[in-house]
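Work through the exercises below with the model open. Each task is followed by its solution in steps.

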Amino acid sequence: MSARSANVGASLPRLEAAGKINGAAKYTDDLARPFMLHGAILGSPLPHARIVSYEVRRARALPGVEAVITAQDFPYLPLGAIVKDETILAREKVRYVGEPVAAVAAVDRTVALEALKLIEIEYEELPAVLDFDAALSADAPIIHEQLRDYFKIFDCRFNGNVLSEQLVAEGDVDKAFVGCDVIVEGEFVTQAQAHAYLEPCAALAEVDDRNKITIWSSHQSINRVQANVCEALGISMSQVRVITPRVGGGFGGKMEATVQPIAAALALRTKKPVKVVLSREDDFAMMRSRHPARIWMRTGATRDGVLVAREVKLLYDAGAYCDDSPGVLAFGLYMARGPYRIANYRASGKLVYTNKLRASGFRGFGNPQVTFAGEIQIDEIAEKVGLDPFDFRMRNAIRTGDKWVGGQTVTSSGFAECLKQARSRSDWDRRRASPSGAPNGRPRGMGVAALAHICGVLGTSAIIRLAEDGSIILNTGAVDIGQGADTVLAQICAESLRVDVSRVNVVAPDTDATPYNWGTGASRVTYMGGRAVVGAAAAVKDKIFMHAAAMLECGVQDLELSDGGVVRVKGTDKKVSFFEISLRAHYGLGGPIIGEHAFVYDGEPFDPKRCTMIGFPFSNLGVYMFGVQVVEVEVDEDTGQVVPVAAWLAHDVGRAINPLAVEGQIQGGFVQGLGYALWEELIWDNGRLSNPTMMDYKIPGTLDVPLAIEPIIVEEHEASGPFGAKGVGEPGIIAAAPAVANAVAAATGVRFRQLPLTPERVFRGLIRS
Amino acid sequence: MDSAVLIVNGRQSRVSIDGHETLLEVLRTQLGLTGAKRGCNQGVCGSCTVLINGLAARACLCLAALAVGKEVVTVEGLERDGKLSPVQQAFVEAGAVQCGFCMPGMVVAATALLSENSAPDDEAIRVALAGNLCRCSGYVKVIDAVRRATTLGQSQ
Amino acid sequence: MPSIEFQRPKTVEEAVALLAGHEDSRCIAGGQTLVAMINAGLVAPKFLISIEEISELRSIENKDDSIRIGAAVTHREVASYVGLLGSNQIIREAAAVIAHPAIRNFGTMGGALAHGDPASDYPTAAVAADGTVEIAGAGVRRTVAASDFFLDYLTTALEPGEMVTALILPRASVGSAGHYLKFSRVDGDYAIVSIGVTLTLSNGVCTRACLAAGGLGSRPLWCAEADAALCDTRCDDPAISRAARHLLDIADPVDDVRASADYRRALLPKLLRRAVRNIVSRQDAERADG
């Protein structure tokens, strides 16, 4: 590790921050192409219906309309990340209100919206399935009658409206519970949360003279967009290029196809560029949400407070289409044991189709739901055995070297340190011993919750090149959705080659120019992308050294990198610059210097002898990260309103490549978690969303959240990570809701097991108790 | 379609206005000023915030025809001599900028605040920015940025 | 979409004549509600009459027996107008919590009143302030008590061709105070329940009260019995409870995405108590200060 910290460990603002703050940054809707048309999408008015007929002639005839498409204009071309149950537009059936059924391209947005009104579609309404019980009942209407025939990338054990049934088990849970002195059991209910990124989904597609489509869009993965567009249109990846402009947030909702296939189809049809930008209402109604869930959990311990067993049964509501859902359920099952040494564990779950918009990945990926349940139960048990919530967690904490469910080794864990720091920085012991009421006399309480998550999954790669002038070109394909990937990867690259970060050209992710990266999700870009960058830099360094050795007439072992793009003979002043080396390579010998590194997550695989995994879609994932969050709340007992007062958030990040960026991710994730805990809920009325607007679906603003949100960075070196780093994109959100619920319990004596903890819900709970 | 002159960032610009067009649409599609964003088109999210006659305003709720004769300042008009304004610089340095989509509106709202109150306390900062939603930052570093701008003793 | 024609009259009379002369016409001031509705496709007026240049509508007049707030006065201007004292303080407090600063910078009194949304802030405050809405029609001005102006959801006493020209508040009597209490999910949201209270205390005894509640029906709740329940009392809890019961008797809340009807009913007595206690303790503090 270098002593100098100009790069790794430097709290640099985002490299592109100036352009974002002066209006120069271009997001998809800021782009325009000559003779561009505007697309608009017609959504289904019904939650479940057969499509009987289409009448589009009037729409097609409207002056200014250049294309109207429906499923009838395409052969059957299914798409879907895991189960291919979708098509570019609803085909034969509609399965949720808002499902795209038709699309138009017209000279402007006004004409496009007018054209939508002229499309007549006849539906035969079918009974809608709107909740778990309806979906699981014996005579439930079946949402996907052809589920059996869909292509699936794993054996998902489907049945009726159950899309996937999974089981993860270790030890002997039934026997273990018999031996427990203390058992708590409960059912928890969590809601659908909307991603509510500030930039609505958008795509601009243009076809060139070779019929190759270029797509600029708001996305989290150029490779997923490319794959989805190709599948939706039945074309080869060589015919689709995806480029990344600035992206205004994603949080998991822009990982899979949004409006790109439709924009591409309209561009192909009209031979003109077509831009599709969703209105906020359409974005709420047509796209995605977090999985609503029902969680049954039972946890058992000895009277000394040692955890012995946990059993979990999950129901996750996938909505109308599969998307990433089996992964979300699986991850929930995988993480529900929590960051504790619980030897006996059984988690089973069902993923259920309903006639609501599809549920997808959303920061936390199934973990927030189970952590809500699990961390409340930890507090309940701690209370029963008479242990402080921190002491109880410390007693059972996973440590470095322990095995996770499935047998993978926890290669680094700052969990114990997170517990220590969160406890001391929040002044937990003193404040719990003598809780200060609020100045207004309202009760206050503090709660703690812990989390575990992972950051290593799937494949990624990086290519580093030396430009002729010795500066660095970095191609990773890792999309910066605002979390700071461009900056962090540039810092890692700069550090690896001992150059200033300003000498690194971070190439905008572009499927023509950048190598494969699964996507920005699973908190993986710093860890996976960073490892690829380190590997590519090492390959470049090898080539640089070969040239330098020749130029300086020494062996490569005598050389070292020096600041500023310089290679030096150790202990001497003899040096040569990257510029000189690059000229030699380009014009003299060997050719341009290119280094690359590509890999799929290569941590320890699951151990089938240790753990039963049935219907589990993951083949490998890991590198565990931990966190502890303490929240203080104030409760207005007259109204049930819970006001967050302060928070202390300790996160185990391995190494903070950019502490400023890490803090921002922790704080932002936590506030999104406060939204999940207290205010946010998508509400349906007979299958139609009641609150698909920013007016009615409220995300927190400056006056709703405390200023005292203190991020605490804990660094326990992760040997496999770039400079010891792990990820931090998701953990901020994962423990917020249970920390708040535990704080409310401390303040009021009442335990709540349903989210969100709206004033009304808390009010009723306080009255009942 | 009517031809009209809008005063934007100190310059007179000729635009053609269809009655129902908002100032936001005209700025973005006719004047190439894409800094102000369309996040909700309902006046809730704040990412379209501009200054009209010095006051923070929702460009999505202002009909372009009614902006004629008023002084409009967008995020693009905050720089001086090609350099970020002190408020903008503070936002960059404080680490407030993540995805950036809310930032034009946010920094315009902060600029409006500091132009009438050069030393706001935390509560005043929060009130002034209460109408600017951000999904990335959790607001802490945004408030830090405005505080930083005030201690630099500058306002726009 | 058909275009919109704009006119910018200089007087109320011109504005009213334009309203009468054009079908599908509306007045627009700040447009904070109207343009949102146009954007959402809920309304499509062909003719908009901007009242921004009508000087009598842009001022707040402090007269001997009343305060007249012109229809084009913005929420920001109302919130910072120091002449709203005593019971009229309620109007300042309501103005200060409408939505967000950018909305307050341009949203107007007239626009808010004419919109008639019972979950918004001015209606409840105006009723509790015993305000009067001045209306201009063809050749005629008339006034309607605020408590009679709001008829139903988004429905007011305005007849076609009429416009709101002012909110008139009685001059605050000595010993009077006003308070607007808003309870919402998050800051800036529409109220779940809002309470407007104006009262006059004389040696701690309430000699006059006007109570209104929003969010509990299609119009702000008000009834003489609720006001009477506080009069001649020291605003103790039993008196407040009696007042709350009267208001509950006429409440007709609905379930919506913000809250259920039951919860709103449960909130009313608690928030009424809080609002009254706020005023009383504020008055006590002021008396103590001499």
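**Exercise 1.** State how far apart the C-alpha centres of domain 1 and domain 3 of chain A lie, and describe the side of domain 1 that touches domain 3.

Step 1. The distance between the C-alpha centres of domain 1 of chain A and domain 3 of chain A is 37 Å; domain bounds come from an automatic or database domain assignment.

Step 2. Domain 1 of chain A gives 19 residues to the contact and domain 3 of chain A gives 21 residues (contact: C-beta atoms, placed from the backbone, within 7 Å).

Step 3. On the domain 1 side, α15 (525-552) of chain A and α14 (485-497) of chain A each give two or more residues (helices are DSSP runs of H or I, at least four residues; strands are runs of E, at least two; both are numbered from the N terminus).

Step 4. Seven residues, the largest share of that side, come from α15(A).

The model is predicted: local features need pLDDT of at least 70, side-chain atom pairs count only at pLDDT 80 or more, and totals for chains, interfaces and linings use all residues. Residues are numbered from 1 along each chain as its sequence is written, while chains are lettered from A and ligands numbered from 1 in the order in which they are written.

Step 5. The side of domain 1 of chain A divides into eight nonpolar, eight polar and three charged residues (nonpolar: Ala, Val, Leu, Ile, Met, Phe, Trp, Tyr, Cys and Pro; charged: Asp, Glu, Lys and Arg; polar: the others, Gly among them).

**Exercise 2.** Give the strand order of the five-stranded open sheet in chain B.

Step 1. The order is β2-β1-β5-β3-β4 (chain B), with mixed pairing (a pair needs at least two DSSP bridges).

Step 2. β2 (11-17) and β4 (55-58) of chain B are at the edges with a single partner strand each, so one side of each lacks a neighbour in the sheet.

Note on methods: Contact = placed C-beta atoms within 7 Å.
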